[in-house]
Amino acid sequence: MPQRFFVFLVYFIPALMGLSGCQRTSSLAENAPAPAVDSYTAPPLQLSTITLPVTIPVRVLEERLNQEMTGVLYHDNNLQDDNLEVKVTKAGPIKLRAGFSKLSMEVPLKIWARGRWQWNACTFCKRIQKTEETEFDVTVRTDSRLQVLPDYSLKSFTSGDFAWGDRKPTVSFGPLRFNLAPFIEPKLKAQLLPLLAQLDQQLQERIPLQTYLSQTWHQIQSPLLLNQQYQAWLSIDPQAIRLTPLELQQDQLSLQIGIDAFVHVATGKKPEAKALSVLPRFTPVRTLPQEAQIALSSEVSYASLTQMVQQGMKGQTFTFEDGKHQLTIHQAQVSGTGTQLLLALETSGQTKAGFLTKKFSGKIYLQGVPYYDPGTQSIKVRQLNYTLDTQDQLINTAQWLLKNRLLAQLQQNLDFPVKSQLTTMRNALQTGLAENRLQQQVLLRGSGFTLEPDTLFVTPTGIRAHFQATGKLALFVE
């Protein structure tokens, strides 16, 4: 009996003391999953239409034409061929009107004419001749219809006629007065065609659409800094051009040009300049889209994500089953693996089983899929689960963690608000596009942009978010 009691004291009491003293502690292995992330392909850019409204007030053309067409417009000083000299001079300002799809023009002219009358009574008689000169007024009225040719040159088709003014062509020979209108009218009509051709040429030269559009096409291909603080660069890759019909209404010429382009904004260093594409021929259309799509990309670094997780989890203790089990998070770190986020938690905890209190410490690794929640404007994680190595360790150490609501609680904490970043990006986009002077005469303006994340990707340095901005984007040529 004494011997059996001695054996009991030697073997059982120390074991009992070990149970009640909570001296058994397990360590979780430090086998972290591979940090490598899968390569990703950015979503394809959507083709956008940048509108380029061209509006030319008639008064501008009127001023230019009056500057170009001055003084003598036509002069025939050969009296020998038809017994008539004619000099045509602009008598007043040219007047232009645009309406009913045509450009109407009035050109007041002063015409000086010298006529020679000669008569032979017989073959051997002396020739009798008389020379007189006169001045009179006419007004040439023209109608021009304009068309944009495939090479962006402007073609005008002008027709016209003239009307006599207050002074009509007459000459006096003594008591006789002769009406020269029947003689001058054929001359005037013959010279009206060269005059109309001159007007056509002036119209075409005063609206150098090809020159302006070619300059604009090349200027928009240079990266544009929208925001200095965030180093946000706007890149435009033009692909095609569409033109609406040229309209002549309300004393102005108007034309809508649509530049189809891939537009995106990226943060970081200035994008490398691409080889400039040449100005293509246009496609005629009736209308143009009113909205442009701009693709943006921005990255939230793992350091920023870790900082947000630390604020919500560090020092937090989770209890289960009325305090029977406890888990405390001391540190948290976010990284990436494959196409998922990897959350590493440095923890300690304990669990009770009867009289036995079992402690553990070490890292627990979890993986989840990041996604954007538009309702809260935040990046969240779904399908959160333990890694395979972590599951194996917990089965041997704290398998109760596999069965409780810890994952659901942790998943609620993995909430990364990006509303302020979205607001900042939208404001930067609005401000940066409010008015950008690409060149001295070319302005780029954007307005009314909405911004929503489109796709999230796990990268080696963070979560890259691709956004889609929708708004109006227009070019203006002064």
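Three strands, β19 (340-353), β20 (356-373) and β21 (378-386), each supply at least two residues of the lining of the largest cavity. Strands (E, at least two residues) and helices (H or I, at least four) are DSSP runs, numbered from the N terminus. The model is predicted, so that local features need pLDDT of at least 70 and side-chain atom pairs count only at pLDDT 80 or more, while totals for chains, interfaces and linings use all residues. Residues are numbered from 1 along each chain as its sequence is written, and side-chain values use heavy atoms, with hydrogens and water left out.

**The cavity**

- The structure holds one cavity of 30 Å³ or more; a cavity is a set of points, on a 1 Å grid over the protein atoms alone, where a 1.4 Å probe fits but cannot get out.
- The space in the largest cavity comes to about 50 Å³, a volume being the space filled by probe spheres set on the points, which are joined across faces, edges and corners.
- Its lining consists of V334, L341, L342, L343, L366, Q367, G368, V381, L384, L414 and F416, where lining residues have an atom within 4 Å of a point.
- Nine of the lining residues are nonpolar, two are polar and none is charged; Ala, Val, Leu, Ile, Met, Phe, Trp, Tyr, Cys and Pro count as nonpolar, Asp, Glu, Lys and Arg as charged, and the others, Gly among them, as polar.

- In helix α7 (residues 406-413), the buried residues are L406, L407 and L410; buried means under 20% relative accessible area, exposed over 50%, and partly exposed in between (1.4 Å probe, protein chains only).
- Viewed down the axis of α7, these buried residues fall within an arc of 95°, so they line one face of the helix; the arc is that of the directions from the helix axis to the C-beta atoms.
- The buried residues of α7 pack against α5 (302-313), β17, β18, β19, β20 and β21, with contact meaning heavy atoms within 4.5 Å.
- Helix α6 (residues 388-397) has T390, Q393, L394 and T397 as buried residues.
- Down the axis of α6, the buried residues fall within an arc of 100° and therefore line one face of the helix.
- Exposed residues L388 and N396 are carried on the face of α6 turned away from its buried side.

**Individual residues**

- Q250 lies in the loop between β13 (247-249) and β14 (252-267), and its phi is near 50°, a positive value in a residue other than glycine.
- Q250 counts as exposed because its relative accessibility is 71%.
- E321, in the loop between β17 (317-320) and β18 (325-337), has a positive phi of about 55° although it is not a glycine.
- E321 counts as exposed at 52% relative accessibility.
- S361 lies in strand β20 and is partly exposed, with a relative accessible area of 31%.
- The C-alpha atoms of S361 and S27 are separated by 5.1 Å, although the two residues are 334 residues apart along the chain.

**Overall composition and confidence**

- The secondary structure comprises eight helices and 25 strands.
- Of the 478 residues in the protein, 41% are buried.
- Among contacts between residues at least 6 apart in sequence, 65% join residues at least 24 apart.
- The mean pLDDT of the protein is 79, and 86% of its residues reach 70 or more; pLDDT is the predictor's confidence in each residue, from 0 to 100.
- Over residues 4-23, pLDDT stays under 50, and the model has nine contacts beyond four places in sequence for them.

Key:
On a 1 Å grid over the protein atoms alone, a cavity is a set of points where a 1.4 Å probe fits but cannot get out, and a pocket is an open set with protein on both sides within 12 Å along at least five of seven lines; lining residues have an atom within 4 Å of a point.
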